[in-house]
Amino acid sequence: MIKGIPVMDAHIHLDPMGTNREAVRKFKNAGGTHLLIIHKPYHHIPEIDLGSYKRSFQTTIDMTEIARNEGVEAYCMIGPYPGSLPHQANTYGLEEAFELQMRAMQHAFDLIDEGSALGIGEVGRVHFKVEEEIMSKCNEILMSALKGSKERNCPVVLHTESPMENPDLFRYLSSLIESASMTKHRVIKHYSGWESADPSNNMGLSISMQARRSNLENALSNDFDFLLETDFIDENSRPNVVMPPDTVPKKIEWAYRRGLLDSEKHHHLMVDLPKKILGIDMDRY
Ligand SMILES: [Zn+2]
């Protein structure tokens with residue numbers, strides 16, 4: 001087990017109806033120290049009005065408290081999930097669905113202001129094919145996320161389509177971030193492959209990379225910067241999706257064994273970068 005340098009999973013979900021506490025224990029027992037817990041829509045709390053958004057954001061905050069009680073440093077990111085917008089639009093019409101997500105965003109900012117969450121996430125764009133008008137509302141909601149985060153200087157985790165489907169993705173995101181005057185490296189494109197860690201591809205955005213061996217091999221041998229994630233969704237019907245909760249510490253250990261990682265590089269990735277991107281003092285732990 002790795003000792004002396006923090007090990008962070010920068011994108012994990014915990015669900016009160018899932019294994020939550022058990023997942024955190026697995027992570028910790030494998031050597032994990034820090035979790036960035038990202039809001040997700042919970043099946044038992046349909047996000048149909050502001051009241052339900054309030055309850056579901058509070059659930060993410062409560063999951064973060066559970067993780068802390070298990071002895072890991074935990075932070076959370078909250079915001080309206082873009083993948084919900086098409087369903088909400090089906091039920092209420094697009095305009096009302098848009099208003100609902102905008103109100104949820106404002107509530108997320110209120111919670112950040114009172115110190116209950118670190119930043120906004122995961123917000124952004126629908127990752128499957130939708131009508132132009134839905135995507136354009138997504139962009140509007142994303143813009144409000146970026147502007148509000150700029151005001152508070154808080155980090156943002158983005159959920160979008162992949163640059164494989166949209167080769168123009170980083171250029172487009174980068175232009176949105178610039179027009180919001182937001183700091184680019186405080187915006188994290190999650191669910192990334194190693195190619196996106198290449199600074200000539202990501203246009204200055206930060207990257208949270210899936211903790212796969214091939215990603216680590218390529219990104220480490222090219223000396224790229226990245227955060228690491230499992231995107232564990234904590235759903236009992238799909239256990240260990242996207243990756244089991246102990247994957248990040250296990251893959252870090254594997255990278256040491258393979259000679260891909262040493263303590264200096266590890267310190268850069270898991271102390272310096274989280275400090276720069278998320279504003280977290282990682283030496284504190
Ligand atoms: Zn996620």
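This is a short tour of one structure, stop by stop, with something to select at each.

Before you start, note that the model is predicted: local features need pLDDT of at least 70, side-chain atom pairs count only at pLDDT 80 or more, and totals for chains, interfaces and linings use all residues. Residues are numbered from 1 along each chain as its sequence is written.

**Stop 1: helix α5**

Select residues 132-152, which form helix α5 with its 21 residues. Helices (H or I, at least four residues) and strands (E, at least two) are DSSP runs, numbered from the N terminus. From first C-alpha to last, α5 reaches 31 Å, close to the 30 Å expected at 1.5 Å a residue; the expected span is 1.5 Å times one less than the number of residues.

Now colour K137, C138, I141, L142, A145, L146, G148 and S149, the buried residues of α5. Buried here means 20 or more other C-beta atoms within 10 Å of a residue's own, exposed means 12 or fewer, and partly exposed lies in between, with C-beta atoms placed from the backbone. An α-helix has 3.6 residues a turn, so residues three or four places apart point the same way.

What do the buried residues of α5 pack against? Show α3 (85-92), α4 (94-113), β4 (119-124), β5 (156-159) and α6 (169-179) to see these partners.

**Stop 2**

Step on to N153, in the loop between α5 and β5. Its phi is positive, about 50 degrees, although N153 is not a glycine. Is N153 buried or exposed? N153 counts as exposed because it has 11 C-beta neighbours inside 10 Å.

**Stop 3: the core around V156**

Next, select V156. Along with I37, M77, A108 and L227, V156 touches the most other members of the largest nonpolar core, which has 78 residues. α4 gives the most to this core, with eight residues. Such a core is a set of buried Ala, Val, Leu, Ile, Met, Phe, Trp, Tyr and Cys residues joined through C-beta atoms within 7 Å.

Contact means C-beta atoms, placed from the backbone, within 7 Å.

**Stop 4: backbone details**

Go to strand β6 (residues 187-192) and find Y191. Phi of Y191 is near 60 degrees, a positive value in a residue other than glycine. Y191 is buried, with 21 other C-beta atoms within 10 Å.

Finish with the cis peptide bond from G121 to E122, with omega near -15 degrees; E122 lies in strand β4.

Key: Contact = placed C-beta atoms within 7 Å.
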